[in-house]
Amino acid sequence: MGRAFVYVILGGGVAAGYAALEFSRRHVAPGELCIISEESVAPYERPALSKGYLLPENPTSLPQFHTCVGANEERLTPKWYGEKGIELILGTRVKSADLKKKALVTMAGETITYKYLIIATGARALKLEEFGVWGSEAENVCYLRDIADADRMVKVMQSCAGKSAVVIGGGYIGMECTAALVTNKIKVTMVFPEKHLMGRLFTAKMAEFYENYYKERGVKFVKGNVLTSFENDPSGKVTAVILRDGTRIPTDMVVVGIGIRANTSPFDGLDKGGAKLALEKGGIKVNGKMQTSDSSVYAVGDVAAFPVKLFGNDIRRLEHVDSARKTARHAVSAIMAPDETGDLDYLPFFYSRVFALSWQFYGDNVGEVVHFGDFLNSRFGVYWVNEGHIIGAFLEGGAKEDYEAIAKVVKTRSKVSDVGELEKLGLEFAFRESQKLIESTVTGSGTFSGVGTGMGALMEKPLYKWHATAGVVAAASIAVFAYWYGWKRRRW
C-alpha cells in the first residue's frame, strides 16, 4: 500500500502552512503536494496557543488562527487545501525514512514516496522525565506545544479558578503561560534555575523590570532552584511540588515549560543503507537554500540549522515562528525556482506579548550592553554593540515604525563611535541612522534590501518606495524630518 507525490511536507506546524501557501502561489499542480502531520488539524499559528487560545473570555479558536493569518496572508482552512488539490494526511506519524528510495513509512505501514521532501517537523517539548523527575502524566500537569496540550490546559485552568499553580521554567512558555494563568484568576509561583527571567535573552536590568511587573500582579518567584519531585493525592493529582533545596510548594496545577528539542527523528537513526542527513546544533544542517546533505531533502523551521549571513554564516537553529515562516517560503522558492533563488539573508527576530506588554528583538545578544529609555513607564530598549557595531536590539512598548528602525540598524550593523552617546540618544539613534540610509538610497550612494520582521514588511520590500524625481525626494525628505521631529518630542 502506498502513495506517490512530487512534493511532501513532513510536519503540520507553522512552517508547513507557509510552505503550502508558497507552493500554491507558484502554481503547484493538484495532486502533487501532500502534508503529513501527527496532529489532527490543518496547520495553524502556534503562538496563538499561549496567547489568545488560553484567554478566559472570548478565546481565539480555530479556524480563526489557521496559517497564514499570522503574516496577514490567506487563511488556509481544510477547505482551502482541498480546493488547491493539496492532500492533508493528518493524525499520521512517520516511523522511518529511506532517503535513497525517497520513501517514508507511516506507523500504519503505508509507504509515501516523494521527489522532493521538506522536513518541517519542528520541535517537541522537553519532558520532566528526561531530567529524572517522574509524574508528569498526572492529570493536572500541563505542557504546551500543540492544540491538544492547549485544550488540556484550558480544562485544568477552568477547574482551578481562584486556586494556585506552579510554573516550571522562566523562558517564553513560562512567561506567557503565567500571564494566561493570572488572567484566568489563578495565583502563580514561577520556579526556574536561572538568576532571572529569560536568562538566554534578558539582561539583569531587563529581567528586573519584567519580574516587578509580574510581582505587581501577584506572581511569586523561586529562582536558582529546580523541581525534584511531586506530592500526589490518592487519585494521582499533584498537590505539591518539592524543590532541590527541600522547599515544598502546595499547588492545584503545574505547567511545565523547560525548553524544546528539535524533532530530527526519524532522520537521525537511519539504517539499512538508507543514508543519513548531516546534523548540527541539535537540528538538521542545511545550506542557505535550506537544502540538506541530501539534495532532494530540505529542512525548515525549528528543526533546521542554517547559516545566518549577519553572523558571518554561523550555523544557527532558531526557535521562533518568524524563522519558521521565512525558511519555509525560501525552501519552496529554492525547489520551484532554483536559478532565481539565492541564499537566505535572514535577520533573527523574536517577539512576545504578555499582559499589556509587547516586545521585539532583532539580531544577537552578545557584546557590550547599552540600555536606554524609560523603564518606569514600560518604554525602553537595549542595544548590543560588538566591535563597534550594533548587532542586536530590543524594544519594549514600541510602535511599528520604532521596531522597523531598530531592525534596520541591526541589519545594516550600524557603526557606533561613542557608546555613551548611543545610550543618550536611544531610539533616536535608530531613526537618525534610518534617515541616513534613506538619503544614501535617494542619492544612489547606497542601497538597503530590507530585513525580516514579525509584520513581514521589511524582508519583502524596502521600508520606503522612492521615485527618481526631485519633487518626490524633496517631499519625502520633509516628511521624514517632520516625523523625526514629532518623534523626538516623545518621552523615552
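Arg25 counts as partly exposed, at 40% relative accessibility. In this predicted model, its side chain meets that of Glu73 in a salt bridge, with 2.6 Å from N to O. Arg25 belongs to helix α1 (residues 14–25), while Glu73 sits in the loop between β3 (33–36) and α2 (78–84), so this contact ties together parts that are 48 residues apart in sequence. Glu73 is also partly exposed, with a relative accessible area of 22%; buried would mean under 20%.

That pair is one of 27 salt bridges that turn up in a search of the whole structure. As for accessibility, Lys281 is partly exposed, with a relative accessible area of 44%, and Asp314 counts as partly exposed at 31%.

Now for a pair inside a helix. Asp322 and Lys326 form a salt bridge through their side chains, at 2.7 Å from N to O. Both are in helix α6 (residues 321–336), and because they are four residues apart there, about one helical turn separates them. What about their surroundings? Asp322 counts as buried, at 1% relative accessibility, and Lys326 is buried as well, with a relative accessible area of 9%.

One last stop takes us back to Lys281 and Asp314: salt bridges that share partners join these two with Arg316 and Asp364 into one network.

Definitions and conventions: Residues are numbered from 1 along each chain as its sequence is written. This is a predicted model: local features need pLDDT of at least 70, side-chain atom pairs count only at pLDDT 80 or more; totals for chains, interfaces and linings use all residues. Side-chain values use heavy atoms; hydrogens and water are left out. A salt bridge is a side-chain nitrogen of Lys or Arg within 4 Å of a carboxyl oxygen of Asp or Glu. Helices (H or I, at least four residues) and strands (E, at least two) are DSSP runs, numbered from the N terminus. Buried means under 20% relative accessible area, exposed over 50%, partly exposed in between (1.4 Å probe, protein chains only).
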